Amino acid sequence: MNILLFLLLFHAAMSLVFAVLPPNAFRNMLVRISAALIAAGSVCAAVVFNGHDQFFKVEFPYIDMFFFGGEMLLSLFLLYKCIGIKRREWYIPVLIIAQAGIMAYCELSGAMPKVENALYIDNFSVIMALIIGIVGSLICFYATSYMRDYHHHNPQMKDRQRSFFFILFFFLSAMFGVVFANNLAWLYLFWEITTLSSFILIGYPKTEEATRNAYLALGLNLLGGLGFAGGILYLVKFGGLHTVDLNQIITFGRINAGTLGKINSGVVLIPVVLICFAGLAKSAQMPFSSWLLGAMVAPTPVSALLHSSTMVKAGIFIIIKFAPVLQGTWAGYFLALVGGITFLLTSIIAVTQNNAKRVLAYSTIANLGLIVACAGVGTPQTLWAAVLLTIFHAVSKGLLFLGVGSIEHKIGSRDIEDMGGLIVNRPGLAVVMIVGILGMFLAPFGMLISKWACLEAFVNVKYTPLLAVLLAYGSAPTMFFWTKWMGKIVSVPGGTAKGEGRVPGDEWTALAVLAFATVATAALFPLISWASVAPYIAGLYHVESQAAAGLTQGNIIIMLILLGLMVVLPLGFLAYPKKPNYVARYLGGANIGENDSFVGAMGATQHATLRNYYLSGFFSEKKLTVAGIVLSILLIVTMFSAVKL
Amino acid sequence: MKTALWVVAWVVLAPFIGGLLAGVDRIITARMQSRVGPPVLQPFYDVLKLFGKRGNVVNAFQNFYMICFLVFVIVTGCLFFSGGDLLLTIFALAVAGVFFVLGAFSPNSPYSNIGAERELLQMMSYEPVLIIMAVGMFMVTKSWHVDAIAGFHQLLFAYLPGVFVAFLFVLTIKLRKSPFDLSMSHHGHQELVKGATTEFSGPALAVIEIAHWYENILLMGFVYLFFACNWIAAIAAVMVTYFIEIFIDNTFARLTWRFTVKSSWIVAGVFGVVNIFCVAFLIK
C-alpha cells in the first residue's frame with residue numbers, strides 16, 4: 001500500500017516543486033533523483049506484488065467527493081482554456097460540458113455506488129508500473145538536457161520549463177493512477193488528467209500549429225472521454241450492474257461469458273464497449289489517429305512519453321484490461337478489426353513518410369492497432385501477445401524517439417534522408433537507432449515475437465482468418481519502411497552533416513539503458529512471460545499457466561539462439577582484414593574527388609545524390625487516411641450495434 | 001537423429017544441388033534460346049573463380065552484411081529442414097533478406113542503392129503470400145511445424161490450389177526470374193548494371209551466389225510441402241515448377257516495380273486469401 005501511494009503521490013508532490021524551481025543544475029539534479037526514486041519504487045512494487053494480487057481500501061474521509069471535485073475543477077479549467085479555440089473547434093466546450101454534466105448527474109443523484117477497494121495491483125498493473133516508472137523516468141532524465149538544448153536551438157521560444165516539468169511529473173503520477181485505480185470514477189479522473197496533460201504539453205511551443213494540434217488532441221480525447229463517462233453512466237443508472245468496481249466488472253463479464261451465454265451480455269458489454277471506445281481515442285486508433293500525428297510538434301521527450309509509456313498506453317491498458325470480457329463476442333471482433341485495419345493502413349502510410357518522427361508516429365499507431373486487435377479477440381494467447389507487445393513497444397519506441405531527438409539536435413534535421421552516413425559520423429547514435437529499429441520489426445527481437453504469437457492465435461479465431469490476412473499484408477510494408485531507414489543509417493556517403501559536440505550525458509544514459517533494455521527484453525521474454533504475464537492470464541481465464549503462453553518452449557529456445565546469433569555476428573566484424581582493397585563506387589562515369597561526383601555524358605560534372613523510395617505516388621497518405629477513417633467509423637458503429645448479438 | 005541428418009544434409013548438400021540446379025537452368029535456358037549453353041558444372045567453376053579473385057570494397061562494412069545474409073539463409077534452412085515452425089522459417093528468411101538489402105545500401109552507390117530499394121519492394125510483394133501460405137497450411141494440417149505438414153496424409157495442393165498459384169507467382173520474384181528480376185539481374189548489361197550486387201566482387205560475390213543457391217533449394221522445399229504426401233509426385237512437382245519458372249523467365253520481358261507490387265498483392269488476395277477463407281468455412 002505504501003509503495004502504491006508513493007508511486008501515486010511522489011511525482012504529484014515533486015511536480016509542485018518543479019513548478020517553482022527555475023531551470024538550473026539543482027533542478028536537474030532533483031529531476032534525476034526523483035526519476036530514479038520512482039524507477040526504484042516501481043521495481044520495488046514489482047518485487048513485492050508480482051504474483052500477489054492485492055486490493056486496497058482507501059479510508060479517507062470524503063475521498064470520493066475529493067475526486068468528484070477534482071473532475072469538476074478539471075472541467076472548469078478546460079472550459080477556461082477554451083477561450084483560445086477557433087470557431088470550428090466549437091465541439092470542444094460542448095464535449096467538456098457534456099462529460100461534466102454526466103459525471104455530476106451520476107454523483108449528485110446519489111446513485112454513484114461505493115467501491116470497497118479503490119486501489120488494486122495485479123501482475124498487469126505491475127508491468128505497466130514498470131513501464132511508466134522506468135521508461136518514463138528515463139525520459140525525464142533525458143528531458144533535463146534536451147530542454148536546455150531545445151531552448152538553445154529555438155531562442156525565439158519563451159522558456160516555460162517550469163510548467164513543462166510540472167506537467168511532465170503530474171502526467172506520470174496520473175498514469176500510475178490509471179493502472180492502479182479500481183474505482184472507475186477515480187480512473188476517469190486520472191484518465192482526464194492524462195488528456196489535459198498531453199493537451200498542455202503538445203501546445204508547449206505556443207506556435208499556431210502547436211496550439212491547433214493541442215486542441216485537436218484535446219477534442220478527440222474528450223470525445224473518447226465522453227464514451228468513458230457514458231460507460232460510467234450506464235453502469236450506474238442502467239443495466240442493473242450498479243458498480244464501478246473495475247475488477248468486479250471484469251469478473252462478472254467472465255462469468256457471464258462462461259455460464260450465462262450471450263443472453264444478458266449487454267449489461268456488461270455496453271459499458272465495456274463504451275470505455276473501449278475511449279481507449280480507441282486515447283490510443284490514437286483510426287479514426288482518431290490524427291491527434292497523435294499532430295502531437296509531433298511538441299519537444300521530443302513529450303513525443304517519447306506520449307508514445308512509449310503514457311497516454312496511448314493508457315488507452316491500450318484499459319482495452320487489454322477488458323479483453324477477457326470481449327472474448328468471443330462480435331463487439332470484440334469488430335473492435336479487433338478496427339485495430340487490424342489501423343495496423344494495415346498506417347503501416348502502408350508509414351512507407352510514404354520521410355520525417356523520422358512521423359514514421360515513428362505511424363508505426364506507433366500501427367502497433368497499437370495490433371494490440372487492440374489482440375485484445376479484441378481476447379483469447380489467452382492473443383492477450384499474452386498483447387501484453388508483451390505493450391512491453392516491447394514501450395521500450396523500443398521510447399528508444400527510437402529519444403534517438404531521433406538526439407540526432408535532430410546534432411545534425412539539425414529529423415529527415416531520414418539526412419541520416420545517411422550516421423554509422424561513420426556518429427556510430428553510437430547509429431547503433432542505438434539500429435537496435436531500436438531491429439526491436440520494432442525483425443526476428444528475433446521483441447515485436448516480432450509478439451507478432452508471431454498474434455498470427456498463430458489469429459488463425460484460431462472462430463470467425464474467419466481475416467485478422468491473420470490483415471497482419472500478413474501489414475507486416476510487409478512494415479519491413480519496407482524500417483529496412484530502408486536502416487539502410488540510410490548504414491550507408492556510407494561522403495559529405496554528410498556530423499554536427500558539433502557530443503551528445504549530453506543525460507541523453508546517453510537514457511539511450512544506453514533503453515537500448516540495453518530492448519535487447520534484454522528480447523532475451524528475457526521467456527522469464528517475463530513465466531514470472532508475470534502467463535500467471536496473470538492463467539488467473540484470468542482459469543487455465544494452466546503453460547497454456548497461457550503464446551509460444552511453445554521449443555520455439556522460445558530457437559528465438560534465443562537466433563538472438564545469440566544476432567549478438568555474436570557483429571563480433572565477426574573484428575576478424576575483418578585490416579587493409580581491404582578500397583575502390584571508388586561505380587557511378588557510370590569517371591569519379592571525381594570525394595567519390596560523390598563523376599564525369600557524365602558530354603563531359604559535364606554530375607553530382608550523385610541518393611534518396612530512398614517513398615512510393616508517395618503509389619500509396620497516397622491522404623486517400624489511405626480517408627479510407628481508414630471511413631472504414632473504422634463503420635466498424636465502430638457496427639461494434640456498438642453488435643453489442644446485443 | 002533424423003532431424004540432425006536433415007540439417008547436415010541441408011548444410012552440406014544444398015549448395016551442390018542448388019549449383020546443379022543453376023547449371024541445368026542455364027542449359028535449359030540456352031536450349032530455349034537455341035543455344036548450346038555451358039556445361040552443367042559451369043556455376044561451380046564461376047564461383048570457384050570468384051573465390052580466387054581479389055575482393056574490392058567501397059567501405060569496410062559491406063561484405064559483413066553479405067556474410068550475415070548467408071548465415072541467416074543457412075539458419076533458415078536448418079529451421080525448415082529440421083521440421084521447425086514454418087512461420088519462424090519465413091521470418092528468418094526475412095532476416096536474411098534484410099541483411100542482403102543492408103549490404104546493398106551500404107556502399108551508397110546509385111546502382112546498388114536502387115537495387116536495394118527494389119529488393120525491398122520485392123520483399124514487400126512476396127511477404128504476404130508466404131505468410132498466407134503458412135496460414136493456409138496450418139488451417140488444413142492444424143500444425144505450424146514443417147515435419148507435421150510434410151507428414152500430412154493428404155495432398156495439400158488439393159486443399160490449397162489458390163495458395164499454390166499465389167505462391168508460384170511470387171516464386172518468380174524470389175528466384176530472381178524475369179519478369180520480376182528487378183533488383184539484380186544476372187544480365188549485367190541493363191539499366192541497373194548488376195543492381196544490388198554492383199559493388200560486390202570476388203569472394204563476396206561468391207558468397208552471395210552460394211546463398212542464392214541455398215535459397216533456391218529452400219524455396220523448392222516450400223513447393224515440396226504442397227505435394228508432400230507422395231514423395232515421388234512431390235519431386236516431380238518441384239521439377240515441373242522449376243521448369244515453368246525457367247519458361248516464364250524466357251518468355252517475359254521485365255515488368256515495373258509498380259506492376260510487381262500491385263499484381264502480387266492482388267494475386268495473393270484473389271487466389272490466396274479466397275482460398276484460405278474457403279478452407280476456413282469448409283474445414284471445421
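This is a predicted model: local features need pLDDT of at least 70, side-chain atom pairs count only at pLDDT 80 or more; totals for chains, interfaces and linings use all residues.

Me: How do you know how confident the predictor is about chain B?
Reply: Look at pLDDT, which is the predictor's confidence in each residue, from 0 to 100. Chain B averages 90, and 99% of its residues score at least 70.

Me: What makes chain B as compact as a globular protein of its length?
Reply: Its radius of gyration is 19 Å, and the globule rule gives 19 Å for 284 residues, so chain B is as compact as a globular protein of that length. Along the principal axes, its C-alpha trace spans about 60 × 45 × 40 Å. The chain is built from 11 helices and 1 strand, and from the N terminus the order is α-α-β-α-α-α-α-α-α-α-α-α.

Me: How do you know that the radius of gyration of chain A agrees with a compact globule?
Reply: The same kind of reasoning works here. A compact globule of 645 residues would have a radius of gyration near 26 Å, and chain A has 25 Å, which agrees. Its C-alpha atoms fill a box of roughly 85 × 55 × 50 Å along the principal axes. Chain A holds 24 helices and 6 strands, and buried residues make up 58% of its 645 residues.

Me: Why is Thr198(B) called buried?
Reply: The cut-off for buried is 20 or more other C-beta atoms within 10 Å. Thr198(B) has 24 of them, so it counts as buried. You will find Thr198(B) in the loop between helix H8 (161-174) and helix H9 (202-226) of chain B. Leaving aside neighbours within four places in sequence, its contacts include Tyr586(A), Ser109(B) and Tyr111(B).

Me: What makes the phi of Ser34(B) worth a look?
Reply: Most residues other than glycine have a negative phi. Ser34(B) is not a glycine, yet its phi is positive, about 55°. Leu615(A) also has a positive phi, about 50°, without being a glycine.

Me: Is Leu615(A) buried or exposed, and how do you know?
Reply: Leu615(A) has 20 other C-beta atoms within 10 Å, so it is buried. The cut-off is 20 or more. Leu615(A) lies in the loop between S6 and helix H24 (621-641) of chain A.

Me: What is the omega of the cis peptide bond that joins Met286(A) and Pro287(A)?
Reply: Omega is about 5° there. Pro287(A) is placed in the loop between helix H10 (266-282) and helix H11 (290-294) of chain A. In chain B, a cis bond joins Ser178(B) and Pro179(B), with omega again about 5°. Pro179(B) is in the loop between H8 and H9 of chain B. As background, most peptide bonds are trans.

Me: Why are S4 and S6 of chain A called edge strands?
Reply: The open sheet has 3 strands in the order S4-S5-S6 (chain A), with antiparallel pairing. Strand S4 (590-592) and strand S6 (605-607) each pair on one side only, and that is what an edge strand does. Neighbouring strands are turned by 35° against each other on average, direction ignored.

Me: How do you know that S4(A) and S5(A) pair?
Reply: Two strands pair if there are at least two bridges between them. S4(A) and strand S5 (residues 597-599) of chain A have 3 bridges, in the antiparallel sense.

Me: What makes up the side of chain B that touches chain A?
Reply: There, 54 residues of chain B are in contact with 46 residues of chain A. The largest share of the chain B side, 15 residues, comes from H5(B). By type, this side divides into 39 nonpolar, 9 polar and 6 charged residues.

Key
Residues are numbered from 1 along each chain as its sequence is written. Chains are lettered from A and ligands numbered from 1 in the order in which they are written. Helices (H or I, at least four residues) and strands (E, at least two) are DSSP runs, numbered from the N terminus. Axes are lines fitted to C-alpha atoms, for helices over the stretch in contact, and angles run from 0 to 180 degrees between N-to-C directions. Two residues are in contact if their C-beta atoms, placed from the backbone, lie within 7 Å. Ala, Val, Leu, Ile, Met, Phe, Trp, Tyr, Cys and Pro count as nonpolar, Asp, Glu, Lys and Arg as charged, and the others, Gly among them, as polar. The radius of gyration is taken over C-alpha atoms; the globule rule is 2.2 Å times the number of residues to the power 0.38. A residue is buried if 20 or more other C-beta atoms lie within 10 Å of its own, exposed if 12 or fewer, and partly exposed in between; C-beta atoms are placed from the backbone.
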